[in-house]
Amino acid sequence: MVQKYQSPVRIYKYPFELVMAAYEKRFPTCPQIPVFLGSEVLRESRSADGAVHVVERSCRLRVEAPRLLRKIAGVEHVVFVQRNVLNWRERTLLIEAHNETFASRVVVNESCSYTVHPENEEWTCFEQSASLDIRSFFGFESALEKIAMKQYTANVKRGKEVIEHYLNELISQGTSHIPRWTPAPVREEDARSQAGPRDPGSLEADGPGSVPVPATETVLTEGDKLDADYIERYLGHLTPVQESCLIQLRHWLQETHKGKIPKDEHILRFLRARDFHLDKAREMLCQSLSWRKQHQVDLLLQTWRPPALLEEFYAGGWHYQDIDGRPLYILRLGHMDTKGLMKAVGEEVLLKHVLSVNEEGQKRCEGNTKQFGRPISSWTCLVDLEGLNMRHLWRPGVKALLRTIEVVEDNYPETLGRLLIVRAPRVFPVLWTLISPFINENTRQKFLIYSGSNYQGPGGLVDYLDKEVIPDFLGGECVCNVPEGGLVPKSLYLTEEEQEHTDQLRQWRETYQSASVLRGAPHEVVVEILEGESVITWDFDILRGDVVFSLYHSKQMPKPGPQEPGARAGGKLTDKGWVLGVDYSRVEAPLVCREGESIQGSHVTRWPGIYLLQWQIHSPPGNVACSLPGVEDVLTALHSPGPKCKLLYYYEVLASEDFRGSMSSLESCTSGFSQLSATTSSSSGQSRSSPLVSR
């Protein structure tokens, strides 16, 4: 594979003639570049009027490679041939170089140019591009490629420093100005001689002596070029290889993309997301550009106006900036009724609102870059989880969150600079286990998680936010205008017809299972747990009637019934002679659930074995069943008319390995998470549960 390098435009704020005088000081030797062992002139020629000077040199460079590799190659230095064409009239220097050593195995080509700055004729621009093609090298092709690129990029950085060193030396010696070239008066006989054969070394000459035209792929128009000062000021410090990747991807877009060209900072985010792997970044960016066009995202900030309901109940908004100048977004997730919002405005509206937040974030980054005079390409998000409970584990809401994460990760990479999570409750590890596998590892490393009041004091928010901007609800003095959220009234929910139109009902029905509960014939789901400390989560809606929900544990499997595996209702599930506390045990206290309620909960298992989720019709006080039904009860219920309850339910098991991995991921964050992890992940205490009823 051919490796390519393209530099940005580097600017010397000195006239071309003075820069050329500094450049010539590099020859025949240059102590400032240790790997440059010396050079000798092979050929030299000038045009008749002296305007064009062509020099061809042989340059020796020391090989900086492991001793074994140098021994196998049998060389201590390599030879490059460099051809310089200096045109005083046009004020340009074009440099072409190629390797002579190992030319049949390795091909290195380099093109450089010094030209006058297009907007200031007293400044000089420098550009270079190079390619490396290793065809074969004694089985060390990969190692040689890494060594060559490392050495080359180091010399690129050193090159500008050397020119500036010699410029300062010239100025200190009293040479601060060199007159521009002017043609000498032409005598009549000289004019006649110039009308004859042309000097093969001149710029106008054809044939072998002509100046080679740079390859098309390295030619950029003036409007396409990036200069190094611009990169440093607006994009931040980049290595030479990173600069090259940015310029190559940008140039490729200008040649092939028909729509709006993304801004440089946007292109750079995709490169960073793919560790500056050019092909992977190009693929990711192209998919995102196609998505933006399909959904008209470029017009979102001009066209999107959130519904009034969303402005009132969506508990998120922008709030000044963090200590590094990043825009700060505050999300009071624990106060937000995600289920109510989804039922009131729909998933697509919520997603569009999140996209508008990301678009606004990019715009604010640009503004802060100009305001603070340094590159700011990402923002900080402060998430307050006070109030987070099992209601937030409503499965359609979790699925919508996962979809949102996927869309944002694919189309807004490297926009999150830091995520501060405060007041994380005990239920948070369950939610984290569900969503963390879908979050990019680079993004997860930016999470800082605090439980309780650990966000206060040293090591907390004051390390990342100025005291003047810490919100009042977190103990600060700054009034925060972010909406407080709260429960969305059911009267504002979309009708079933509207939900059908948005395709929400179908999606939710695919998630949930329906069940009917008869008196004496409860609905039961059998869950087999193979190892301790797994997490069973449940989520159900009571559509008709009142039920009692219970969770049992047994070491033996109930006898199979005729229904589908894993969810068996009716039939003889246990022997009538089973004794509570001996053959099976209740691990959750009975929970009375009224018609219209939505219940979410979880249970961290202590033992392996069989767990039974049970829903049975609610009996008057004092008659709540305390044991599993026998076959006679079931048969009686099936053949006798009586009250009937209906429900929609969903359950899921988070495996022990996944849950522990999630806890390890949480504990690896730089955070005050120790108290939370101790109470949640301990395997020595009793089983824990967190049921929640929402009306």
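Rings of Phe, Tyr and Trp (its six-membered ring) are taken to pair if their centres lie within 6.5 Å, with planes under 30 degrees apart counted as stacked, over 60 as edge-to-face and the rest as tilted. This is a predicted model, in which local features need pLDDT of at least 70 and side-chain atom pairs count only at pLDDT 80 or more, while totals for chains, interfaces and linings use all residues. Residues are numbered from 1 along each chain as its sequence is written, and side-chain values use heavy atoms, with hydrogens and water left out.

Searching the whole structure gives 19 aromatic pairs. One of them joins W318 and Y329, whose ring centres are 4.9 Å apart and whose planes stand at 75°, so the pair is edge-to-face. Because W318 belongs to strand 9 (residues 316-321) and Y329 to strand 10 (residues 327-331), the pair ties together parts that are 11 residues apart in sequence; strands here are DSSP runs (E, at least two residues), numbered from the N terminus. Both W318 and Y329 are buried, meaning under 20% relative accessible area with a 1.4 Å probe and protein chains only, where exposed is over 50% and partly exposed lies in between.

Strand 13 (residues 447-451) has 5 of its 5 residues buried, so it is largely enclosed by the rest of the structure. From this strand, F447, I449 and S451 point one way, whereas L448 and Y450 point the other way. Strand 12 (residues 416-424) runs parallel to strand 13 and is joined to it by 4 bridges, and L420 has L448 as its bridge partner in strand 13.

Terms used:
Two strands pair if DSSP finds at least two bridges between them.
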